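Hi everyone, thanks for coming. I'd like to walk you through one fold today, so please bring it up on your screens and follow along.

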Amino acid sequence: MMTLEPPRTLSGNAGKNGQVPDAEVWRAWGLSRAGLGRFLKSAQAAVGLEGEVDVLLAGDRTLRRLNRDYRGKDKATDVLSFPAAKELTGEHGGDLAISLDTAKRQADEHGHTLRDEVRVLLLHGLLHLSGMDHETDRGEMAEREGALRERLRLPNGLIARVEGGARARARTTAKTNAGVLRSAQDDGEKQTRARAKAKAFDAKGAKSKRNGRDGKRSRVRA
């Protein structure tokens, strides 16, 4: 089952029962229930996860509340995965919650549609429901996600973005450190040249003084 919470911009469109028509909510987000439902089934089969998966598509406010209540982190996030209890294995695959607010920002940042970003998040969440965890494994989930992403024709996934960002930050840090090192080396060379000039000046001055003293003595002798 896929549930979509209406955006706050539709709060004034609620009917007598306080609810916004479902079709209007999907139109507001520019998403298709049937399209995402078909993708969910395809991705679930590709992951090898059995049982029904319930998906909640909501906003940052709801994801922040869930993240705080279940993970102790008081902030919004893009996707949360809630694995099913062991006694329900095969019957219920688990639950997913996705923030469409965060998904929209990430889609804009990476240059693709909200629909594609939601699909990326669904795949990532399904892998977590299947028991994989990129925070504790040795790259198995990243490899699996990459292969399934290509198979399902999806843009870069979450793990690839994080790793890519880490590599970019590492390159930036390396460049910064190299610049600092070159600057320090340049300063050192400048100081060395300055000391050499100072020594040369002192030596020249000392020589001039000696010549002057020698000249005076020679004139006295004459």
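Predicted model: local features only at pLDDT ≥ 70, side-chain atom pairs only at ≥ 80, totals over all residues.

Let's start in the sheet: strand E2, residues 52–58, and strand E4, residues 92–99, run parallel and are joined by seven bridges. A word on terms: helices (H or I, at least four residues) and strands (E, at least two) are DSSP runs, numbered from the N terminus, and two strands pair if DSSP finds at least two bridges between them.

Residues are numbered from 1 along each chain as its sequence is written, and side-chain values use heavy atoms, with hydrogens and water left out.

Back to the sheet. On to E3, which runs antiparallel to E4 and is joined to E4 by five bridges. Here Val79 has Ile98 in E4 as its bridge partner.

Now the whole sheet: four strands make an open sheet with mixed pairing, in the order E1-E2-E4-E3. Which strands stand at the edges? They are E1 (2–4) and E3 (79–83); each has a single partner strand, so one side of each has no neighbour in the sheet. On average, neighbouring strands are turned by 15 degrees against each other, direction ignored. As for E4, seven of its eight residues are buried, so E4 is largely enclosed by the rest of the structure. By buried I mean under 20% relative accessible area, with exposed being over 50% and partly exposed in between, using a 1.4 Å probe and protein chains only.

What packs on this sheet? Helix H4, residues 100–110, lies across E1, E2 and E4 and runs at about 65 degrees to E4. Helix H5 packs on the sheet too, touching E2, E3 and E4, and its direction makes about 140 degrees with that of E4. Contact here means heavy atoms within 4.5 Å. Axes are lines fitted to C-alpha atoms, for helices over the stretch in contact, and angles run from 0 to 180 degrees between N-to-C directions.

H5 has a helix partner as well. Helix H2 (residues 33–47) and H5 (residues 114–129) pack at an angle of about 35 degrees, and their axes are 10 Å apart. From H2, the contact includes Leu36, Phe39 and Leu40, and from H5 it includes Val118, Leu122 and Leu126. Sorted by type, the residues of this contact are ten nonpolar, two polar and two charged. For that sorting, Ala, Val, Leu, Ile, Met, Phe, Trp, Tyr, Cys and Pro count as nonpolar, Asp, Glu, Lys and Arg as charged, and the others, Gly among them, as polar.

Some of those names come back in the core. The largest nonpolar core has 38 residues, and those touching the most other members are Leu36, Val55, Leu57, Leu100, Val118, Leu122 and Leu126. A nonpolar core is a set of buried Ala, Val, Leu, Ile, Met, Phe, Trp, Tyr and Cys residues joined through side-chain atoms within 4.5 Å. H5 gives the most to this core, with nine residues. Setting aside neighbours within four places in sequence, Leu57 is in contact with residues including Met2, Trp26, Leu36, Ile98, Leu100 and Val118.

Asn67 is in helix H3, residues 60–71. Is Asn67 buried or exposed? With 0% relative accessibility, Asn67 counts as buried. Not counting residues up to four places away in sequence, Asn67 touches Gly72, Lys73, Lys75, Thr77 and Leu80.

Gln106, in H4, is buried with a relative accessible area of 16%. Beyond residues up to four places away in sequence, Gln106 touches Asp78, Glu117, Leu121, Leu158 and Arg161.

Arg153 lies in the loop between helix H6 (140–151) and helix H7 (158–221). Arg153 is exposed, with a relative accessible area of 79%, and its phi is near 60 degrees, a positive value in a residue other than glycine.

To zoom out, the protein chain has seven helices and four strands, and buried residues make up 32% of its 222 residues.
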